[in-house]
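Student: I've got the sequence and the structure open side by side. Could you walk me through them, one question at a time?

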Amino acid sequence: MLNYIRAEIYKLLHRKYTYIALGIFLALEGLLIAGFVFHNSHSYPTYFAQAITFIVSMGTIGFCTCLLTGDMVFAGQYKNSTLKNEVSFGLSRTRIYLGKLIAQTLLSIAYLVVMMGFFIGLCAILLPHDPNVAITSPDIVIPAGYTGDSGALRIVGYYLAVGFPLWVGGQAATCACLFLLASDIGASFAAVFLTMMFHTVVELAGILTPGPAGDVLIQISKHMPASMLSTAPSVVGNPVFLGKAWLVGLFWVAAFTVIGLYGFRRKEIK
Amino acid sequence: MNDNTAVMAAYGLKKAYGACMALDGVNMQVRRGDVYGLVGRNGAGKTTLMRLVTGQSQPTGGEMELFGASGKDMRGQRSRTGAMIEIPSFSPFLTARENLEYYRLQRGIPGRQAVDEVLEQVDLTDTGKKKFKSFSLGMKQRLGLALALMNHPDLLILDEPINGLDPEGVAEFRQILRQLNRERETTILISSHILSELSNVATRYGFMEQGRILEEISAEALHDKCRTCLRLEVDDAAKAAAVLQIQLGTDRFEVLPGNVVQLYDYLDDPKRASYALAQNGVALLAMEQKGADLEAYFLNLIGGGRHA
């Protein structure tokens, strides 16, 4: 397995795609920070504490990153017919599947660390600090006592702690789509639907279904990654919700890995 | 070098795609040291057979063995094989060296020199930063062969490996195969539409048609069957044999049923043979020069008419 992951990392480090995509993300973050700086020179200042809470509004980007890193690691194996090179050497399909899932997750973590580090670091350098500044955001229910830099970092930390398992769950769903669907475009659409839209469909089905079944569907929709991620800013600091997020994330990882592996092990390699 | 140990064997192997039987009970044995030429026209099942051996597809019936292992145990033996099935496929955005290094790491083959060695072996050392997507078909074939060779396989499985190679490349390829077979005792299972080329390397043949192996035959036996001769149809074969021996001083002939004599001598002077027979009262009812190459033999075997 280690050999497989090493090889995937080697491939990623030798692709321009890896660097270009990261560069685009960082450039967009840079633009946002430049906007804050420009705003500061013309109007009331935006403090570091206020700026970094923008991260909470960008949770969906995490699911987009899942799709992107999944595509980078999978690298069009069906389109390029390269899976035959791995299978014909006797590598087990379980190793191939899990190797790619782990490589995707490692790449996502690397992206997360770099993007968060860049955003928070640059904000810390370029924006003013005030330990008593009030954090205001229409998306976040700010708990009492959460002020200044430390309060903002606690909010962001909680959000990332909730988001991480949910994003990994999204990663597992994306990986299953890439392995099960031969078309890259089809797999991308399926992954977007599962990670970002499925909860809305389930919720709608719940609203339209009368009785307890409808209530169950609505509860299920509330416990899907995208739904939980949008709820997280309103429950900052809640440990029970954090625990639920990890359980849901782990359930998604387990469920989609089992489904993906089951399908891939029976798939004809063309 | 050849012995009777089966490196790869199939027993009643079947593969169906819906209602279509791609393989319909294949029985075959590739023995250690063989260069086994798989001959068959498009759709005969050659590639399907190779895909089953390499684990890309699962059979729907029958059994297979690879180095004596069957069923799920076969997978472990696949690391002893090198394969190039259909068009070689690699990551289009990596160079030849990067692609091979990726697979070297993945397969746990020690030493970076393994990549340099195979690149040199297939003459792809000077491709520099050129990406795979910019390779010609010939270069892709060479890289596919390099990957197949990188782990020093005991069994090499090659499907149409010389497609796209220039004449020089074909000669080099032939040389590589001979060298591997001779020096490393690598067993080779190879299919090709270019039967004349196949006949330059194969030591055994399997003729496939409609998902079945029609015949397995050694190169020597095939050579004997394909020998050029004069086919003489006479009224008295025994008398003709005596004339050939006494008058023409040759014993290079065979007497076949139906008063047919196959003469392997006097191919460049058939008139002398016919004259001697006539002089001695043997009626020559028909005479034709007969012989076949691999292609003619194959076409005759499957009933002729269509191309291999």
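Predicted model: local features only at pLDDT ≥ 70, side-chain atom pairs only at ≥ 80, totals over all residues.

Student: Okay, what is the average pLDDT of chain A?

Tutor: In chain A, 100% of the residues score at least 70. By element, confidence is lowest in helix 3 (residues 48-52) of chain A, with a mean of 84, and highest in helix 11 (residues 239-265) of chain A, at 94. The average for chain A is 88.

Student: And in chain B, which element has the lowest confidence?

Tutor: Chain B has a mean pLDDT of 85, and 96% of its residues reach 70 or more. Its highest confidence is in helix 3 (residues 96-107) of chain B, at 93. The lowest, at a mean of 73, belongs to helix 11 (residues 294-302) of chain B.

Student: What ipTM does the predictor give the complex?

Tutor: You get two scores for the complex. The pTM is 0.80, and the ipTM is 0.81.

Student: Which element of chain A gives the most to the side that touches chain B?

Tutor: The contact takes 22 residues from chain A and 26 residues from chain B. On the chain A side, the elements giving two or more residues are helix 1 (2-13) and helix 5 (83-87) of chain A. With six residues, the top contributor is helix 1 of chain A.

Student: How many residues on that side of chain A are charged?

Tutor: Sort the side of chain A that touches chain B by residue type. Seven are nonpolar and nine are polar. The charged ones number six.

Student: Staying in chain A, how do helix 7 and helix 11 run relative to each other, parallel or antiparallel?

Tutor: Helix 7 (residues 148-180) of chain A and helix 11 of chain A pack with their axes 8 Å apart, at an angle of about 10 degrees. Angles under 35 degrees count as roughly parallel. So helix 7 of chain A is, relative to helix 11 of chain A, roughly parallel.

Student: What kinds of residues make up the contact between those helices, nonpolar or charged?

Tutor: Go through the contact of helix 7 of chain A with helix 11 of chain A by type. There are no charged residues and five polar ones. The other 22 are nonpolar.

Student: Over to chain B. What share of its residues is buried?

Tutor: Chain B has 11 helices and 14 strands, and its C-alpha atoms fill a box of roughly 80 × 45 × 35 Å along the principal axes. Among its contacts with a separation of 6 or more, 69% link residues 24 or more positions apart. Of the 308 residues in chain B, the buried share is 41%.

Student: Why does G12(B) count as partly exposed?

Tutor: You'll find G12(B) in strand 1 (residues 6-17) of chain B. A residue is buried with 20 or more other C-beta atoms within 10 Å, and exposed with 12 or fewer. G12(B) has 14 C-beta neighbours inside 10 Å, so it counts as partly exposed.

Student: Which residue in the turn between strand 1 and strand 2 of chain B has a positive phi?

Tutor: Strand 1 of chain B is joined to strand 2 (residues 20-31) of chain B by nine bridges, and the two run antiparallel. One bridge pair is K15(B) with L23(B). These strands form a hairpin with two residues between them, and the turn residue with a positive phi, about 65 degrees, is G18(B).

Student: Which residue in strand 4 of chain B stands opposite Y11(B)?

Tutor: Strand 1 of chain B also has five antiparallel bridges to strand 4 (residues 61-66) of chain B. Across from Y11(B) stands E63(B).

Student: Last one: which strands does helix 1 of chain B touch when it packs on the sheet?

Tutor: The open sheet has six strands in the order 6-7-8-3-9-10 (chain B), with mixed pairing. Its edge strands are strand 6 (81-84) and strand 10 (212-218) of chain B. Eight of the eight residues of helix 1 (residues 46-53) of chain B are buried. Packed on the sheet, helix 1 of chain B touches strand 3 (35-39), strand 7, strand 8 and strand 9 (204-209) of chain B.

Note on methods. Residues numbered from 1 in each chain as written. Chains lettered and ligands numbered in written order. Contact = placed C-beta atoms within 7 Å. Helix = DSSP H or I, 4+ residues; strand = E, 2+ residues; numbered from the N terminus. Nonpolar A, V, L, I, M, F, W, Y, C, P; charged D, E, K, R; others polar. pLDDT = per-residue confidence, 0-100. Pairing = 2+ DSSP bridges. Axes fitted to C-alpha atoms, helices over the stretch in contact; angles between N-to-C directions. Parallel < 35°, antiparallel > 145°, perpendicular 65-115°, else oblique.
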